[in-house]
Every structure is written in structure tokens, then in C-alpha cells.
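User: I would like to go through some of the labels used for this structure and see what each one rests on. Please set the value against the criterion each time.

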Amino acid sequence: MILLCGIPSETSLASVVEALEQRDVPHLVVSQRHVRDLALELRVDDVELVGRLTGPGYAVDLEDVTGVYLRFMDDRLLPELDGEPSESPARATSRAFHELFGQWAEVAPARVVNRYAAMGSNFSKPYQSQLIRAHGFDVPETLVTNDPELVWAFHAMHGRLIYKSISGERSIVGLFDETDRERLERIRWCPVQFQAFVGGPNVRVHTVGQEVFATIIETDAIDYRYAVRQTSSRASFAPYELGDDLAGRCVGLAAELGLELAGLDLKLPPDGRVVCLEVNPSPVFSYFELNTGQPIADAVARLLAAGRPQPAEREVAV
């Protein structure tokens, strides 16, 4: 049995559900829309951690679960809990369920895409950059500071700069210029990450187990996700051939981070370097699949259907 956990209408989750249905693979959608009706029981027998997951119209023994696609959103933001006081029984029950499910997913023998612990590097972009560099990729020259004077010195050294958040929270990547002079004082209250601008096209690489799907993005925008807002023109997307060596390095980096599914953001500057900006541990790959026709959802479905990882695989993932 494969569990698909999250909001059923979310595009990446929905596309994997469709792929599993086409392959006639047994699966169950654990919808957060049913947060008030979900329950989880865990116990330790003589051999392993076992238990039972129940929801509207179903009950699943956890020892029968061979795969999990984990895309739960922050349960505290669920519309189904709107209006509930912060200490209400409904919120407390929801929090307990999600915390317990996450703890089970960390140690379950099932193939989990992805375990929360493996996603942890994305919570600190500077920390993740060190891991990326250690795996042989170039990373942009970076400054994290709340001192405006250091920013100007960094600007003088590297020329064009971009800025973005330090954490895993989504932010719009912007180009730093003279018009930011007055706003720069605000960073005294919140450190910001500045990086030397890297030219060349963007390449998003999705790794699914050992499979690789690369997309080249052409745009004049600093952040291609907001190309229309920044340039009034849409970005263009096309499949891209990485080559065996680079594809292998991408798979190796994802495996080193413990990620069964990952989205690597690369830049290919004119000097021939391969620069890795960051690794997304919960990529919305459906956006790229829609624009290129690459069968990423089917690859995720096949990975989940492959069953529990072998001990050697689990060793790499830890």
C-alpha cells in the first residue's frame, strides 16, 4: 500500500495519484482536508514499530505500507481549522497527529519521499550551500549580514548582486541596485543573504531516485518563477540534456542529502562552470512537467511502487 499525504488538489500530488491509477498500483490518499477525522495509533511489538492509520472510510495497518509521498502542508494553516483558537482541542489533535505521523515516517521501513529529516538542509540556505560545495558544485560568492556597510563593500567587490531569504521560506529573488539604498537600512533588523550574480541560463534538475529530468529556462527575469512580473514576458521551458557526468553528480548530491526526490537549481555561466544555487527537497515538479511534457510524475509513481528500499539504499539516505 502506498500513502499519498497532503491536499488532493495540489498539482504534484494529484499527478502522482493519476500515475499510480494508470499503473493500477494500490494506494490511498491521506487528505489533510479530513484533518478532524484522522487518527494514528503506534505501538512497538517484539520486532518493529507497528500501528494503524484511520480516516474517513479507511483503516490501514502501517506494516502494510511500502511507500509514502509526504506533502503535508503546515497543518496550522489549514482552512479546516480557521476560527479555532490556538489552544483548541481540534488544533491540539491535529498537531499531535501530524507530529506523530512525521516521527513514524522517519523510522518507517517504507520508501518515504521525502523524510522530514532529509529536508532539513533547506531550512538554512548557507548551510546547504556548504553541503553543495562539498559535493563538487560551484556556489555563488555569498554574504549573510545585517550590516549595510558590508553589503556595499561586497557590492564593490562583486558588482551585480542578488538577494533572497536565508531560510527555506519562499521569497522572490531580486537584483540589488542603487534604488535599494534607502531600504538597505531595514536589514539591521533581519539578516539577508546577498550573492554575486551568476549569468547564463537556469536549469532545473529533478532527480527521482536514479532518474534525472532537466529543464532549461530562458528568460531575462532574475527569478524565472516571476518572469511576467519582472519582465512582462513569460519564461520558456524546454527539456535539456545534462550529460552522464553532470547527471550522475546531481543524483549523487540528492542521495547524499537523503532525498528520494529533489529539485536542483543550476546556472550555466559562460565560463563553463556549473553553479548550484540550492536544492529543493519538496519540488512542485508538475509545473515543469506541464511545460515540457517530461514524465516526472510517472517516475515518482514507479519509485514509490518499487517498494521498500534495500538496506544499502537506506544507508545512503541517512
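Analyst: The side chains of aspartate 265 and arginine 204 meet in a salt bridge at 2.8 Å, N to O. The pair links distant parts of the chain, with aspartate 265 in strand E15 (residues 261–267) and arginine 204 in strand E12 (residues 202–208), 61 residues apart. This is a predicted model, in which local features need pLDDT of at least 70 and side-chain atom pairs count only at pLDDT 80 or more, while totals for chains, interfaces and linings use all residues. Residues are numbered from 1 along each chain as its sequence is written, and side-chain values use heavy atoms, with hydrogens and water left out.

User: How many salt bridges does a search of the whole structure find?

Analyst: The search finds 19. One of them joins arginine 95 and glutamate 99 at 3.2 Å, N to O.

User: Why are arginine 95 and glutamate 99 said to be separated by about one helical turn?

Analyst: They are four residues apart in helix H2, so the separation is about one helical turn. Arginine 95 has 27% relative accessibility and therefore counts as partly exposed. Glutamate 99, at 42%, is partly exposed too.

User: Which side chain does arginine 43 meet in a salt bridge?

Analyst: Arginine 43 meets glutamate 41, at 3.7 Å, N to O. Arginine 43 is partly exposed, with a relative accessible area of 43%, and glutamate 41 is partly exposed at 42%.

User: How do you know that arginine 115 has no salt bridge?

Analyst: The nearest side chain of opposite charge, glutamate 106, is 6.1 Å away. For charge, Lys and Arg count as positive and Asp and Glu as negative, with His and the chain ends not counted. Arginine 115 is buried, and its side chain reaches the backbone oxygen of glutamate 106 at 3.4 Å.

User: Why is the pair of phenylalanine 72 and phenylalanine 101 called edge-to-face?

Analyst: Rings of Phe, Tyr and Trp (its six-membered ring) pair if their centres lie within 6.5 Å; planes under 30 degrees apart count as stacked, over 60 as edge-to-face and the rest as tilted. By this rule the count comes to ten aromatic pairs. The centres of phenylalanine 72 and phenylalanine 101 are 5.4 Å apart and their planes stand at 70°, so the pair is edge-to-face. Phenylalanine 72 lies in the loop between strand E6 (67–70) and helix H2 (89–107) and phenylalanine 101 in helix H2, so the pair ties together parts 29 residues apart in sequence.

User: What makes phenylalanine 101 count as buried?

Analyst: Its relative accessibility is 0%. Phenylalanine 72 is buried as well, at 13%.

Key
Helix = DSSP H or I, 4+ residues; strand = E, 2+ residues; numbered from the N terminus. Buried < 20%, exposed > 50% of the residue type's maximum accessible area, 1.4 Å probe, protein only. Salt bridge = Lys/Arg side-chain N within 4 Å of Asp/Glu carboxyl O. Polar contact = N/O pair within 3.5 Å; in protein donor to acceptor, adjacent residues only side chain to side chain.
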